[in-house]
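Q: Could you take me through the open sheet and the salt bridges around it? I would like a close look, with the cut-offs spelled out.

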Amino acid sequence: MTPAPGVRHLYLHLPFCSSRCGYCAFVVNVGALGRRGAYLGALLTELEREREAGLIGPLDTVYLGGGTPTLMRPRRLSALMDRIRPLLAPGAEVSMEANPESVDGPALAALRRAGVNRLSLGVQSFQPHLLSALDRAATPAQARQLVACARAAGFEDLSIDLIFGIPGQAAADLEADLAEALAAGPDHISWYELELKPGTKLARAGTPAFDEDEGADAYRRIVGGLEDAGYRWYETANFARPGHECRHSLAYWGAADYVGLGVGAVSTAGGLRWRNNPALDGYIDALAAGEAPPRTRDPLDADDVRRERWMLGLRLERGLPLAWAGPPDRPDALDRLGAAGLLRHDAEEVALTREGRFVQNAILHELMDYA
């Protein structure tokens, strides 16, 4: 299959980190900061290859993720934005992740001038002992200061990331994090349950999973507390003030085509999915030699697309259009789940009820077959 031209959503992976957090299973590179210049050159080359192939643009959303993107420093990030800016559609959303210990006020101001207009701050918790449990480098004071610096730099679209289910987290810690998050006043909050993924430091240490009942109670408290404060629960783990939903993430959840650049980055377009290999040196060397980065390619058949649309679409507050998603694998489960008060459905749409949204993953597996 040939990827469709004019993909409107772009992800750029900036993998450098000063250390690896205990829960991190992402493609990151620790101790390789000396390769940042070469990596930027490779990333710009890959961008140009895809642009010349007619695959990219005009772009409605761009997301600079990592890793710790701000470790690239404003000079390199500004050079990257100089190449991206001509590809942007009017009103494009340009998001970047930042960790509190890796950036300051002047750097944020430089990034805002370069065209980054949405900032996602990796806070994870405001409690020192929980940050320590996660191997996070930043302090709560640095997180609070970064929020103030971001506002002073002119960011009017500010998000913070938080985690619940952290080892040692008590109900009082969750309440304190909720109070701190609301006091910070971001426009958007992503609040994820900790996953103990295989191979991470926490998993290797045999860290016990958070008690299931306590996790469910924590999740309900987060949703209720944020909704009471005026945030819309628009996706399973994401909350926004009106008009501040992450457009880039909505493109993913809407199964839109997107292109990912950089080590480990994934792209999906025109019924094809490809993934760059995660090796930093292999990526840099291939592009320096005028070659495409090493990658795997997999076609997506109709059932792949249908099942992904159900998996992604049920995460959203809005209903799932059946004309777009196709039928579930087990349509007989719809009436049973409806009778249980977990979803509503008709010939056009399936929508989870509020109660159903708390058990979205269980409902998905009632409806669909996933290998």
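A: Happy to. Two strands are taken as paired if DSSP finds at least two bridges between them. Helices (H or I, at least four residues) and strands (E, at least two) are DSSP runs, numbered from the N terminus. This is a predicted model, in which local features need pLDDT of at least 70 and side-chain atom pairs count only at pLDDT 80 or more, while totals for chains, interfaces and linings use all residues. Residues are numbered from 1 along each chain as its sequence is written, and side-chain values use heavy atoms, with hydrogens and water left out.

Let's begin with the sheet. It is open and has nine strands with mixed pairing, in the order β9-β10-β8-β7-β6-β5-β4-β1-β11. At its edges lie β9 (232-235) and β11 (259-261), each pairing on one side only. From one strand to the next, the twist averages 20°; axes here are lines fitted to C-alpha atoms, for helices over the stretch in contact, and angles run from 0 to 180 degrees between N-to-C directions. Strand β1 (residues 7-14) runs parallel to β11, and three bridges join the two. Within this pairing, Leu-10 stands opposite Val-259 in β11.

Helix α5 (residues 140-152) touches β6 (118-124) and β7 (158-164), and its direction makes about 170° with that of β6. Helix α6 (residues 171-184) touches β7 and β8 (188-193), at about 160° to the direction of β8.

Now for the charged pairs. A salt bridge is a side-chain nitrogen of Lys or Arg within 4 Å of a carboxyl oxygen of Asp or Glu, and by this rule the count comes to 21. One of them pairs Arg-151 with Asp-187, with the closest N and O atoms 2.9 Å apart. This pair links distant parts of the chain, 36 residues apart: Arg-151 sits in helix α5 and Asp-187 in the loop between α6 and β8. For burial, under 20% relative accessible area is buried, over 50% exposed, and in between partly exposed (1.4 Å probe, protein chains only). Arg-151 counts as partly exposed because its relative accessibility is 31%, whereas Asp-187 counts as buried because its value is 8%.

Glu-317 is partly exposed at 35%, and Arg-232 is partly exposed at 37%.

How values were computed:
Contact means heavy atoms within 4.5 Å.
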